[in-house]
Amino acid sequence: MYQGTAFKYGDNVDTDVIIPARYLNAPSAEELAKHCMEDIDVDFVKEVKKGDIMVGGENFGCGSSREHAPIAIRASGISCVIAASFARIFYRNAINIGFPILECPEAAARIKKGDAVTVDADKGIIKNETTGEVFHATPFPAFINRIIENGGLLPYLVNKEAGK
Amino acid sequence: MGMTMTQKILAAHAGLSAVKAGDLIEAKLDIVLGNDVTTPVAVDVFDKAGFTRVFDKDKIAIVLDHYTPCKDIKSAELCKTAREFAKRFDITHFYDVGAVGIEHALLPEKGIVGPGDCIIGADSHTCTYGALGAFSTGVGSTDMAAGMATGENWFKVPSAIKVVLKGKLQPFVSGKDVILHLIGMIGVDGALYKSLEFVGEGVSALTMDDRFSIANMAIEAGAKNGIFPVDEQTMAYVKDRFTRPVRVFEADADAEYEREVIIDLDTLKPTVALPHLPSNTKTVDEVKGMPIDQVVIGSCTNGRIGDLRAAAAILKGKKVAKGVRCIVIPATEEVYLQSIKEGLTQIFIEAGCAVSTPTCGPCLGGHMGCMAAGERAVATTNRNFVGRMGHVKSEVILASPAVAAASAVAGAIASPYDMEV
């Protein structure tokens with residue numbers, strides 16, 4: 001279960017605004033987190049608290065393949081991202097590093113900045129505690145759930161190899 | 001039900017007789033690619049997982065192209081990490097300064113990728129190799145690490161949009177205009193999770209460099225991959241470059257497409273994308289006269305010899321407008337050398353351009369042409385997001401080499417048709 005305050009953004013949040021390329025030369029998670037979202041929201045890093053939830057519109061994470069993007073968001077303190085849809089490389093990257101993302105157009109449309117939100121990622125249930133609304137995210141295929149349960153792609157592969 | 005070209009390649013690499021859209025499969029990889037930004041993260045993941053060997057040292061490509069020659073100490077550390085990994089596993093296709101080119105121009109040129117391949121690369125523009133009739137898609141660093149260790153990766157089989165090309169491009173209209181026009185039509189998520197399959201009689205009239213530019217920007221429509229059929233031009237390109245057996249896949253006659261889009265090449269006009277999305281397209285005539293500070297001609301989208309020829313044809317005997325900086329970046333050493341042999345480099349320098357060694361550099365606001373607040377560039381690159389080429393208040397307008405060169409001369413957005421050539 002994740003519980004926190006919502007940070008709300010629009011459609012097509014690209015990886016260049018999630019973490020600008022000028023910071024990619026220092027790929028430690030802590031360094032990346034200091035600059036997360038700064039090109040569209042200078043206050044994000046100052047305001048975000050551990051456990052908070054990021055909400056985006058369509059095509060969240062479009063652009064570059066940089067895994068630094070979900071790494072930066074996670075290291076900033078955000079516990080999970082809800083969006084109407086995700087760009088496919090961001091989607092893969094988040095799953096591969098074991099960072100929870102939920103696809104839910106209704107929640108993405110209805111949740112506002114500052115709303116208190118709780119998320120049961122296993123069941124895909126999103127609750128807006130401020131308004132009382134409950135939303136259901138699109139479930140992941142079973143195969144992807146296995147990667148998430150193992151904590152990411154590499155632990156999944158290592159465990160799979162060990163089980164042979 | 002038949003399969004698309006992409007589905008056939010994926011089925012063959014998964015050892016299956018048939019796949020359909022939505023299937024989750026594990027496919028064998030022909031090439032796994034990384035660069036100086038993404039490889040160090042992959043090395044970290046690879047080592048932490050405890051892997052001690054790579055699946056095939058001949059099937060991994062590591063290309064130090066983004067911040068090289070290293071712009072600062074931190075970048076030098078990244079390159080060192082990637083370089084040491086390449087040395088540790090004796091990686092065959094490792095390219096460092098002096099031999100390096102922008103990865104997506106370099107791999108086809110060196111024959112490392114070819115028709116029928118299944119390729120992943122930790123760079124979003126890995127979709128470029130679809131121009132050769134390969135399945136090729138961008139992934140992250142963890143996928144790269146997994147690919148290097150196992151030689152396989154998981155894919156969700158994509159559905160497809162059929163893009164039918166008709167007719168033939170007019171002079172000064174190029175592959176860049178085709179792909180910008182398409183993204184303008186369908187949007188930056190118009191092909192999300194899907195393949196863009198380019199077909200029709202118009203394909204044969206496109207040069208390989210046009211096809212590389214088009215496939216390169218499939219990602220800017222959200223696509224998983226863009227792909228072209230293999231024809232005589234493809235075979236002529238890969239001859240003397242690609243040494244593995246060529247595998248030609250064709251879509252079935254009854255393949256299912258989610259949507260069909262028709263582009264009439266005859267009537268297509270030079271097209272630009274205004275800030276801050278590649279889908280924000282206009283014909284150049286609609287926005288002529290917008291003042292600019294910088295022009296960048298290069299990148300994995302438009303740094304090939306055909307692109308430099310198009311730019312030089314406009315710049316020959318002319319000068320870059322006062323107050324405008326024009327930066328020309330040949331995508332590879334081979335392109336650079338050819339540009340010198342053909343006299344293109346001389347044309348650029350005499351016109352007042354800065355000509356750089358191959359690098360991704362300014363495209364991602366890395367180095368070699370970052371912009372200050374309030375500045376505007378016309379660039380042959382692929383993204384015009386907020387802050388992409390420098391300051392958050394700078395602007396990038398995407399265009400073809402011909403439009404970029406004409407704009408450099410005019411000092412404002414200009415049409416190549418208005419130039420005397």
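User: What does the radius of gyration say about chain A?

Analyst: The radius of gyration is taken over C-alpha atoms, and the globule rule is 2.2 Å times the number of residues to the power 0.38. For 164 residues, a compact globule would come out near 15 Å; chain A has 15 Å, which agrees. Along its principal axes, the C-alpha trace of chain A spans about 50 × 40 × 25 Å. Bear in mind that this is a predicted model, where local features need pLDDT of at least 70 and side-chain atom pairs count only at pLDDT 80 or more, while totals for chains, interfaces and linings use all residues. Residues are numbered from 1 along each chain as its sequence is written, and chains are lettered from A in the order in which they are written.

User: How many residues of chain A and chain B are in contact?

Analyst: Two residues are in contact if their C-beta atoms, placed from the backbone, lie within 7 Å. Here 36 residues of chain A meet 41 residues of chain B. Helices H1 (15-18), H5 (88-96) and H8 (153-163) of chain A each supply at least two residues of the side touching chain B; helices are DSSP runs of H or I with at least four residues, numbered from the N terminus. H5(A) gives the most to that side, with 5 residues.

User: And how is chain B divided?

Analyst: Domain bounds come from an automatic or database domain assignment. Chain B has domain 1 (5-263) and domain 2 (270-418), with C-alpha centres 24 Å apart. Their contact takes 35 residues from domain 1 of chain B and 36 residues from domain 2 of chain B.
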